[in-house]
Amino acid sequence: MSEEPIFHMTPDEFRRYGRAVVDWIADYYERVESFPVLSRVQPGAIRASLPAEPPLHGEAFPAILRDVGELIIPGITHWQSPNFFAFFPANTSGPAILGELLSAGLGIQGMLWATSPACTELETHVLDWVVDMLELPRKFRSDSTGGGVIQDSASSASLCALLAARERATRYTSNDKGCDGRLVAYASSQTHSSIEKAMKIAGLGRNNLRLVEIDEAFAMRPEDLARQIKRDRSLGLVPCYVCATVGTTSSNALDPLPEIGKICGEEGIWLHVDGAMCGTAAICPEYRYIHAGLELADSYCFNPHKWMFTNFDCDCFYVADRAALIQTLSVLPEYLRNKATETGAVIDYRDWQIPLGRRFRSLKLWFVIRHYGVEGLRWHIRQHVELAQQFARWVRESDRFELAAPAPLNLVCFRHVGGDTINERLLDRLNRSGKVYLTHTKLNDRYTLRLCIGQTHTEARHVQRAWQLIQEMATEVEQEV
Ligand SMILES: Cc1ncc(COP(=O)(O)O)c(C=O)c1O
């Protein structure tokens, strides 16, 4: 009698190949600086290199891993290169990667407390730690009226906040009846595009998102917010949500939370604060001023997956009143009923997010916090801010470049004084060199370069070299135009 074939990886194979993968990752980090930061492949090139058909028979793992190096790496833009200065970072670290690996290894799905109590309780605990680490308002702790949950992204967090705001403003009837087109929300022109998307998804309609004017530092003008709310009320509309940002995507502008919070409080409007990247800075007492007024917010989110050395995806989302969020998102089909839920003594995070299922994301954040300790995290954040401030000083001292916006933390917006064409060409040349990767924005309708320092391994020498390169290439571009 022949034995049944077994296609699974055996524990011994897993051990062997697992070590090979960890070695591969360690080697990758050792040589990441040797790759062009921005991938150079042409559209379609990666697909063209892959077999048209899936393999009928399993392949040897070493061959698969070899193909990662040969076929996949050319199509990678190296976010973990210390020369990555683009967008906002999505940094990671050894403890985060290992936490992620363990999460996959355990392979649990933590939709209910009962489906893995440790998944829920570690998350609650770590999110309470984060409240204390960043000195966020106490109302966001789970032993208060609110609590925190890990979402995949700031986009999801802002959407959940908008849904709860929508429900609260309609006395929890829009879930049943739908929206009647009268709900309106407010954000500045600098607010992340995820709010516009949330308006579409939540059924408020993007025409009902009001863009509030900004000041010369690109921060929301509270007096214009108040004016627009008043006008909307006079038209019989129902203002329900304001999104303020701590560190806007284009320029790191800090919206004035005390004034915005006061208006929202008086008007009974849900205030959501998006601190996607900059929130992490509050781990250092000297940068906590960015959160002044946060005690007036109904919800808050920031992304450890941007600047807190925790690989994507990990967004910490807090609400002041968890009952509002749960009432908005909870549905309980028979197949999810269980004794623990019925006691009311446990948190079921499925009621705090859009999907039902959820990964064990708190493991990686727990690993990061325990590995670095609060002081270790502070050291690196201060280092990044100091490097950005040094870069800003060089720009200020240069007669060819100027700052395009205030640089309060780790993002510097700057431009060559010669106009848009020079800046566009300079950026293109820098990125084609493969030595650095920067991105751009438009501020006051002028093409602006952004240099953001937040990659885990960026050191002074990388920033010095970037500045040197920028100057050299500026000279070349100046001669061309
Ligand atoms: C201020 C701000 N909010 C939200 C987001 C969206 O982040 P996520 O990818 O976590 O949805 C970003 C992304 O850069 C951002 O800068």
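**Close-up views of a predicted model**

**View 1. The outward face of helix H9.** On the side of H9 opposite its buried face lie the exposed residues Lys230, Arg231 and Ser234. A residue is exposed if 12 or fewer other C-beta atoms, placed from the backbone, lie within 10 Å of its own, buried if there are 20 or more, and partly exposed in between. The model is predicted; local features need pLDDT of at least 70, side-chain atom pairs count only at pLDDT 80 or more, and totals for chains, interfaces and linings use all residues. Residue numbers start from 1 along each chain as its sequence is written.

**View 2. The buried face of helix H9.** Pro222, Leu225 and Ile229 are the buried residues here. They lie on the same side of H9 because they cover an arc of only 55 degrees around the axis, the arc being that of the directions from the helix axis to the C-beta atoms. Their cover includes strands S2 (183–188), S3 (209–212) and S4 (238–245), together with helix H10 (257–267). Contact requires C-beta atoms, placed from the backbone, within 7 Å. Helices (H or I, at least four residues) and strands (E, at least two) are DSSP runs, numbered from the N terminus.

**View 3. The residue glycine 236.** Glycine 236 follows H9 and has a positive phi, near 85 degrees.

**View 4. The buried side of helix H12.** In H12 (residues 322–329), Arg322, Ala324, Leu325 and Thr328 are buried. These residues share the same side of H12, since their arc around the axis covers only 160 degrees. They pack against strands S1 (147–151) and S7 (315–319) and helices H6 (154–169) and H7 (174–177).

Notes
Two residues are in contact if their C-beta atoms, placed from the backbone, lie within 7 Å.
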